[in-house]
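Here's a short tour of one model, written for someone who likes cut-offs spelled out. Have the viewer open and follow along.

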Amino acid sequence: MYCRIGLLIGCLLYSIIAQGQYFLSSKHYGLASGIGHRHINTSFIDSHGRKIILSANDLAFFENGNFKTVSFPDSYSTKGLNTIYEDDLGNYWISESFEWFYPFGIRHTFVFLPNHQFIPAEQKLPYSINIESIRSDERRQLVIGTQQGEIYTYSAQKNRMVRKLKYSNAPIKVLYAQNNRIVFCEVTDISLDKKIVVIDYAGKILYEESLSNRLCQSVLEVGHEFYALYLRYDAHQKKSMELVKLGTNTRMQGNINQTFFYLTGITYEPKHKTIVLYHNNKIQFLNENLQVKYEHNFANAIHHLLADGHGNLFLSTDNGFSIIRVQKGQIQTYLYNPNIEAVEENYSCRSILKIDKTHLVVNTNRSRQLLDLTTGKSVVLPPLRPEASVDFVLSILPDEQGNIWFGEQLLGSTNLKTRKNQIYYSNYETRIWAMENYQDGFLLGLEKKGIGHYHKATQRVDFRKKNIPKALQESTVYDFYKTKNQVYIASSSGLYVLDSLDKITEIEYPKEQKKATYFINTFVVGNPTRLCLATEEGILLLDTSTGQITPFIRDKTFANVKFLSCYATQNGYWASTEQGIWHFDNQGNLLKIYTELDGLTNNECNTLAHYQDEQGVLYFGGINGLNVINPVAFPSQHQEGNILLKKVAIFSNQVLSQVQTQISTPRIFLKTNENTLKIEVAYNDYQYDCDKRFYYTTQANQLEWTPFLEEELRLENLPYGKTTVYVKVVACNNFSQSSIKSIEINREYPIYFRWYFWVLVGGGLVLGVWGVVQLYAYNYRLRNLKLKALVDRQTVRLQENIQFRDDLLKLLVHDVRHPIISFNNLTDKLNLLIRRNEHERLLQLGAESKHRSESLLWLVDNLILWIQSSNKNETVVPQNVDLVVLINRIIRSYSNDIDFRRLTFVIEPAVFIGKVDERLFVIVMRNIIFNTIEYAKSGSSIQIRLSRNTHLLTIDCQNFMHSETEPQPELQGLKMGLSVLKAILKKQSIELTNEKVGEIYHTKLVIPE
């Protein structure tokens, strides 16, 4: 038995048929979910919304689908603590009763502190009392009934206990304490109560009633009215249940299970404004007049029932903990098999036809069913094939004469009144998936055979081969849509159109679009110019005037879903799929996906299993029954829930830089180098049985959403500045009412994005341009100054060169003049000796002339070479030479003059090697020696001394001057040749001086080595 119960209840999600006003879906938690014990005594929700359950041996906190358990000390309980209330300090007061199923008759009480420690209640109360019952009010003030007939209130914050009333000496069980009202019973014994009393917090009695043979189980307040649930005993001690509105005659009575009579209680579900009564394994939904609106039986015994205020009921059972989500029943279901173990008993549906206001014909795998919508009962129509016990007929079609035709491996009709069949055609090589009235018969959509034409007159089928595309000939045809002059054909190979000339052409789909098409309908009711196509990959819209095909669904995330049908209604578009029934608005936005959690018999719908009647009601068949939807009965529903940011991890180039956990506002600030975020979100919408799907987008229009998994969103390469990320959570496939949270991310701009940076840059550019202009102007002026200086230098140099050339010319003339005069004298001598015919002297004169000419030629050559090098701007070329040899050679060139003047030369030392420019040295020394010969006193001795001192060569020429030959003062002791040379020598850093010391003239030449 428990195996069967485990399969039924232990499923993650299960649904039930909603034949009444409500539909229940459930999420069950057992031992595999982390509960320490399958026997759950009670559940509780504290002031912070934390959910707590008490089992036989532990306390468990329920958070995000997980249980965190705290075990009781062994000495605290033998049957498990079964009541829990919270005081104004957040402590939990947990009690164990003598009878575990009653919240009164307390055996002992413990206080569970926030630090997860248990202490006896006596350690918290100011003084000792014998506790019979405990409740807490909306201010979390404890209201305690004692075994001595007293009622106390206790504030943990003030550590103050106040006695409100001493009613009697009998035990007092407090059953309600809210809104300044306290409801209690005076106890006779464990199974009977004497009175029920209502007082205010001042202790004033507001209502009092004697109870005879009744035990009050629980009390609740609804709209300022009190409802009390009693167990009544008759004369034979048989127990019954009685629910009474206090002070009125409104009551409800019922039989109860005599064994589990104690498993009874009431609660109020505020979202749907209903009283919920539970007994053993059954719950009933009651209105304020105690009329039953809906009831349901569960597989497990219910120990306690708690409403969370958000449409959920927390069931504590003998086999775990269940959360029941209560919904208004809007989907009607038929042919449903609730036994999940007997799948062979399911009704798997195909084509559907409504024949009148209350009856449907549904083709199923268990033969054709004639369904009465008012009673929910169906009648099996006889098989089309007499030899078969059941047949799975695919297609159905009413003809123009009112007959109903059926197609499968045969074609026939059935008289629904007489229940007789008539077969017109059979073909066991294929099946008939679709039919349409055409000309004098039907167009047949065949399985892997394309189309055929059935002629009623001949009762034959024409398998059309001419003018039919080859792909269509091998396809399965699922649907036809007939207009005035055309028939559109939906097939596994695409969409085709049959024109009035019996020619079939294919309508091209967009590239890469899967072609299988299952259904054709008008997009706007009564307007065939725009067709809606349900395909293997989304819903498409066809403009029949242009042939243009466009997608209907706006979100590309759902564009690849296989759709089996699509119907236009007064409340958007409804489409069947293998993943539930999808609801879109008129613009193609997905509003909700209806599944088993919303009351469908099964999520998987079947091909062909859909129909829309004249009132717009939709019928969708699946693998386990039929779902009926009236679209106008599905208004948008507000969805509770809030998206919270649990944690934000911030990365800089994939390196974690900071983690934020205390996030009060949805604003995140990043530094310039931080470009990646990982956001953990949490969401609680109080729909525990629903899967939550998370999406995000950065688009302001929020048209395209990207899914992310495990409540963790990672964003990389975030731009600078403000980025708004929208996070959406879809619960129970409700897209229209999904919660959306915007998160503002501000990434700090780099310095070059700041306005003042560009002001500075602009200012810098202006200053730079101004500086460049000024620099250019300065360089322009400087260049002009340099050019002027260069011109001035060149002018001076030119003048110097001109002067230098003049000096050279003078020097040349000066130095050449004497040899010419000398040769002129020789010429005169030569003429004289020739006239006298003195041959010997002629020979001597010739030898002398040769010697003098060689010496003079040497002097002139040196002069000319040096002048040439000076014209070419060549510098001096010093080399080591014997200066004494050069001086003697110069002296020999003036031997006649020396002899004539009877001069003698003394050169010291005899050998002196110096590093000089030989040509310049010869020119200078020739002029010095020439001047010395000319100025020297006849018969005197001329001394030439050479010396060296610190890289300086000094040539000192000394001679005695004759008064008649003394040089003019303006020439500073130098004649014209040396005066010209002095300026030239100065440029070569050669110093030439002349001074008179007594009667001796010193001509000094200082040459740097």
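Is arginine 163 buried, partly exposed or exposed? Arginine 163 has 47% relative accessibility, so it counts as partly exposed. On this scale, buried means under 20% relative accessible area, exposed means over 50%, and partly exposed is in between, with a 1.4 Å probe and protein chains only.

## Ground rules

This is a predicted model, where local features need pLDDT of at least 70, side-chain atom pairs count only at pLDDT 80 or more, and totals for chains, interfaces and linings use all residues. Residues are numbered from 1 along each chain as its sequence is written, and side-chain values use heavy atoms, with hydrogens and water left out.

Element labels come from DSSP runs numbered from the N terminus: helices (H or I) have at least four residues, strands (E) at least two.

## Salt bridges

Back to arginine 163: its salt-bridge partner is glutamate 150, with the closest N and O atoms 3.0 Å apart. The pair links distant parts of the chain, since arginine 163 sits in strand E14 (residues 160-166) and glutamate 150 in strand E13 (residues 150-155), 13 residues apart.

Glutamate 96 is buried at 1% relative accessibility, whereas arginine 107 is partly exposed at 41%. Another salt bridge is between the side chains of glutamate 138 and arginine 139 (3.8 Å, N to O). Here glutamate 138 is partly exposed at 42%, and arginine 139 is partly exposed at 47%.

## Cysteines

The structure holds one disulfide, a disulfide being a pair of cysteine sulfur atoms within 2.5 Å. Cysteine 690 and cysteine 732 form it, with an S to S distance of 1.4 Å. Which parts of the chain does the pair tie together? Cysteine 690 lies in the loop between strand E61 (676-684) and strand E62 (692-697), and cysteine 732 in the loop between strand E65 (721-731) and strand E66 (739-747), so the tied parts are 42 residues apart in sequence. The S-S torsion is about 75 degrees, so the disulfide is right-handed. Cysteine 690 is buried, at 6% relative accessible area, and cysteine 732 is buried too, at 4%.

Cysteine 185 is in no disulfide, and the nearest cysteine sulfur, that of cysteine 216, is 4.0 Å away. Cysteine 185 is buried at 0%. For cysteine 349, the closest cysteine sulfur is in cysteine 605, and at 9.5 Å this is too far for a bond. Cysteine 349 is also buried, at 0% relative accessibility.

## Asparagine 734

The loop between E65 and E66 also holds asparagine 734, which is buried at 8% relative accessibility. Its side chain makes a polar contact with the side chain of serine 736 (3.1 Å). A polar contact is a pair of N or O atoms within 3.5 Å; within protein, one must be able to donate a hydrogen and the other to accept it, and residues adjacent in sequence count only if both atoms are side-chain atoms.

## A four-stranded sheet

Four strands make an open sheet in the order E3-E4-E5-E6, with antiparallel pairing; two strands pair if DSSP finds at least two bridges between them. Strand E3 (40-45) and strand E6 (66-71) are at the edges with a single partner strand each, so one side of each has no neighbour in the sheet.

Inside the sheet, four bridges join the antiparallel strands E4 (residues 51-55) and E5 (residues 58-63). Leucine 54 stands opposite leucine 59 in E5.

## Proline 878

Proline 878 is in the loop between helix H4 (839-871) and strand E67 (879-882), and is partly exposed at 44%. Leaving aside neighbours within four places in sequence, proline 878 is in contact (heavy atoms within 4.5 Å) with Lys915, Val916 and Asp917.

Terms used:
A salt bridge is a side-chain nitrogen of Lys or Arg within 4 Å of a carboxyl oxygen of Asp or Glu.
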